[in-house]
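These are my notebook entries on a structure I went through element by element. I set down what I looked up and what I found.

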Amino acid sequence: MNIKAFNDDRIVTRSNNTVVKQYKNSVKQHKRILIKISGEIFLSSYFIEQVDNNKNKQFDDTNLNKLCNNIINILNTGVNISLVIGGGNIIRGKDFQGNNLIKRETADSVGMLATVINGIIVRDVLKQHNIDAEIVSPLDLPFDIKKLNTFTLNKLVSKSKLIIFVGGLGVPYFSTDTISVVGASLSHCDVILKATKTDGVYDKDPKIYPEANHLDNITYDYAIQNNLQIMDDTAFSLAKQLNIPIYIFSIFEDNCFVKALNRSISMSIVN
Ligand code: UDP
């Protein structure tokens, strides 16, 4: 293993041909962060490749506990969390674009409700781990879900509450990526952690081109111009305007959120 020290507190470690940059004490720089995950990560088949169709649960206990433990590890460092969970384990509106029977707008409405379902489940599982979370939404909803507005958010932030955003922006044609940026700004987060299936952005598809280069840093404009599928263009564009960096890394790495904040895993930073 080669270790090289840099003046900017960075260490580059080479293992398995992967270059990993580590910034000592990076976690301590953050007060509140926003974590964006897809609802898909609750599916049994997300972490285990071969799952019998009958056993592919929409809400896998192991996956839910794994997420909560990863969240708790961040909270234990003293960093507060805002959380956005998509609805991809249930429905995604854009899959219905052009469908004559189920209209896109209907599918989007159901998609928003899917994020509500996921949020309520995660709030409950977190409670079982002794973490109190508050859910906010632009939609009028039962089950102790607060209305999303700046006053409510400021109050929750001042109480250092874990905030879960559900129901997206409350209107169709968006994904939960956009509410992630809006929510990050309104709840005073200094970074968005976007956990995905890959460890960041490459200059070519690494599955097709083994010589593809991992891009450690990219600009918002690069993300938009290259139509990266990792997040919506609308979200990248708003993040640029609001100057919120986005860290993109793999959810398959153990304790990925803490490692991402420490910059001790392979990832791409959009800023
Ligand atoms: N959605 C919407 N408006 C929003 C946010 C979400 O209509 O502001 C709908 C949209 O259909 C989306 C679905 O909710 O596909 C679930 O969200 P998303 O696709 O972001 O879930 P993920 O892929 O992250 O699991």
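I began with the pairing rule: two strands pair if DSSP finds at least two bridges between them. Helices (H or I, at least four residues) and strands (E, at least two) are DSSP runs, numbered from the N terminus. I noted that in β14 the bridge partner of I248 is S268.

Entry 1, the model. I recorded that this is a predicted model, in which local features need pLDDT of at least 70, side-chain atom pairs count only at pLDDT 80 or more, and totals for chains, interfaces and linings use all residues. Residues are numbered from 1 along each chain as its sequence is written. I looked up pLDDT, the predictor's confidence in each residue, from 0 to 100. Its mean over the protein is 90, and 90% of the residues reach 70 or more. Over residues 1–25 pLDDT stays under 50, and the model has 29 contacts beyond four places in sequence for this stretch. A contact here means that the C-beta atoms of two residues, placed from the backbone, lie within 7 Å.

I found 8 helices and 14 strands in the protein. Of its 271 residues, 38% count as buried. I applied these cut-offs: a residue is buried if 20 or more other C-beta atoms lie within 10 Å of its own, exposed if 12 or fewer, and partly exposed in between, with C-beta atoms placed from the backbone. Among contacts between residues at least 6 apart in sequence, 66% join residues at least 24 apart.

I traced an open sheet of 9 strands with mixed pairing, in the order β7-β6-β8-β5-β4-β9-β13-β14-β12. At the edges stand β7 (145–147) and β12 (217–218); each has a single partner strand, so one side of each is left without a neighbour in the sheet. I then followed β4, in which 5 of the 6 residues are buried. β4 pairs with β5 in the parallel sense over 6 bridges, and L34 stands opposite S82 in β5. β4 also pairs with β9 in the parallel sense, over 3 bridges; there the bridge partner of I35 is L193 in β9. Strand β9 (residues 192–196) pairs in turn with strand β13 (residues 246–250), in the parallel sense over 5 bridges. K194 stands opposite I248 in β13. From β13 I passed to β14: the two run antiparallel and are joined by 4 bridges. Strand β14 (residues 267–270) and β12 pair in the parallel sense over 2 bridges, with N217 opposite I269.

Helix α4 (residues 150–158) lies across β4 (32–37), β6 (133–137), β7 and β8 (162–165), at about 165° to β6. α5 lies across β4, β5 (80–85), β8 and β9, at about 160° to β5. In α5, 10 of the 11 residues are buried, so this helix is largely enclosed by the rest of the structure. The buried residues include T176, D177, I179 and L186. α5 is followed by H188, whose phi is positive, near 60°.

Of the 24 residues around the ligand, G86, G88, G93, G111 and G168 come nearest. α3 (104–128) and α5 (176–186) each supply at least two residues of the shell; the largest share, 6 residues, comes from α3.

I checked D144, in the loop between β6 and β7. Its phi is positive, about 60°, although D144 is not a glycine. D144 is exposed, with 9 other C-beta atoms within 10 Å. R263 lies in the loop between α8 (256–261) and β14, and its phi is also positive, near 55°. R263 counts as buried, with 21 C-beta neighbours inside 10 Å. Last, I located Y222 in helix α6 (residues 220–225). Y222 is partly exposed, with 14 other C-beta atoms within 10 Å. Y222 and V270 are 48 residues apart in sequence and 8.8 Å apart in space, C-alpha to C-alpha.

Methods: A residue is near a molecule or strand if its C-beta atom, placed from the backbone, lies within 6 Å of it. Axes are lines fitted to C-alpha atoms, for helices over the stretch in contact, and angles run from 0 to 180 degrees between N-to-C directions.
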